[in-house]
Amino acid sequence: MYENTFPSKRFKKTLEFLQLHVDPSEKILDLGVENPFSVILKENGFQVQNTSGEDLDDDTTAVSGFDGEVVTAFEIFEHLVNPYGVLKAIPCKKLLVSVPLRLWFASAYRNPNDIRDQHYHEFEDWQLDYVLNKAGWDVIDRVKFTNPTKKLGLRPILRNFTDRYYLVYCERS
């Protein structure tokens, strides 16, 4: 994962945002298998457990059975057909979510060799806010940020000032 493309800026911004809203004493369920960012969270004193790679569209048992204070879903909901079902199943009062924003100048990401490595959704901010609200979550804080690349071309230039990621902190309403 992340061979030659380690997302340092995204991880730094996400960690800073999480530190604003979550105390290290709070238990976190991070949706998705253990990954470089969940390791960074642990290195920064957070108590993190991950789901096991189950298809969360079909099986929300790990989510609904979690006995902790916070659920995080960093770069997960774009892979689900139905994020609403997972959002409804979360038993906690705190939720942090990040998603890639839909870019008008680029198609949604798709790896034709791996059905789980593609984006079913790339959101506009209002779409994520809508599904969160419909599932019973209030967005308390939000941030958007860019993802510049070191490539040449029109799209890499546009990535310098077009927001690519949307990160929200929510509480159960």
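A polar contact is a pair of N or O atoms within 3.5 Å; within protein, one must be able to donate a hydrogen and the other to accept it, and residues adjacent in sequence count only if both atoms are side-chain atoms. Helices (H or I, at least four residues) and strands (E, at least two) are DSSP runs, numbered from the N terminus.

The model is predicted, so local features need pLDDT of at least 70, side-chain atom pairs count only at pLDDT 80 or more, and totals for chains, interfaces and linings use all residues. Residues are numbered from 1 along each chain as its sequence is written, and side-chain values use heavy atoms, with hydrogens and water left out.

**Exercise 1. Confidence**

Task: State the mean pLDDT of the protein chain, then find where confidence is lowest and highest.

Solution. 
- pLDDT is the predictor's confidence in each residue, from 0 to 100.
- The chain has a mean pLDDT of 88, and 91% of its residues reach 70 or more.
- Confidence is lowest in α6, with a mean of 73.
- Confidence is highest in strand β1 (residues 27–30), at 98.

**Exercise 2. Helix α2**

Task: Describe the start of α2, its buried residues and what covers them.

Solution. 
- Begin at N35. At the start of α2, a side-chain oxygen of N35 reaches to within 2.8 Å of the backbone nitrogen of F37.
- The backbone nitrogen of N35 also takes part in a pair: a polar atom of the S38 side chain lies 2.8 Å from it.
- Buried means under 20% relative accessible area, exposed over 50%, partly exposed in between (1.4 Å probe, protein chains only).
- S38 has a relative accessible area of 0%, so it is buried.
- In α2, the buried residues are F37, S38, I40 and L41.
- These residues lie on the same side of α2, because they cover an arc of only 155° around the axis. The arc is that of the directions from the helix axis to the C-beta atoms.
- An α-helix has 3.6 residues a turn, so residues three or four places apart point the same way.
- Contact means heavy atoms within 4.5 Å. The cover over the buried residues of α2 includes α1 (8–21), β1, β2 (47–50) and β3.
- Leaving out residues up to four places away in sequence, S38 touches D30, V48 and N50.
- Finish past the helix. Just after α2, G45 has a positive phi of about 90°.

**Exercise 3. Helix α5**

Task: Sort residues of α5 into buried and exposed, and name elements that cover the buried ones.

Solution. 
- The buried residues in α5 are L128, D129, V131 and L132.
- Their arc around the axis is only 165°, which puts them on the same side of α5.
- Look at the face turned away from that buried side. It carries the exposed residues W126 and Y130.
- α4, β4, β5 (137–145) and β6 are included in the cover over the buried residues.
- Just after α5, G136 takes a positive phi of about 100°.

**Exercise 4. Cysteines**

Task: How many disulfides does the structure hold?

Solution. 
- A disulfide is a pair of cysteine sulfur atoms within 2.5 Å.
- The structure holds 0 disulfides.
- The closest cysteine sulfur to that of C92 is in C170, 12 Å away, so it is too far for a bond.
- C92 is buried, with a relative accessible area of 3%.
- C170 is buried, at 0%.

**Exercise 5. Two loop residues**

Task: Where are R164 and E75, and are they buried or exposed?

Solution. 
- R164 sits in the loop between α6 (154–158) and β6 (165–172).
- Its relative accessibility is 10%, so R164 counts as buried.
- The R164 side chain reaches the backbone oxygen of L101 at 2.5 Å.
- E75 is in the loop between β3 and α4. Its relative accessible area is 13%, so E75 is buried.
- Phi of E75 is near 60°, a positive value in a residue other than glycine.
- Most residues other than glycine have a negative phi.
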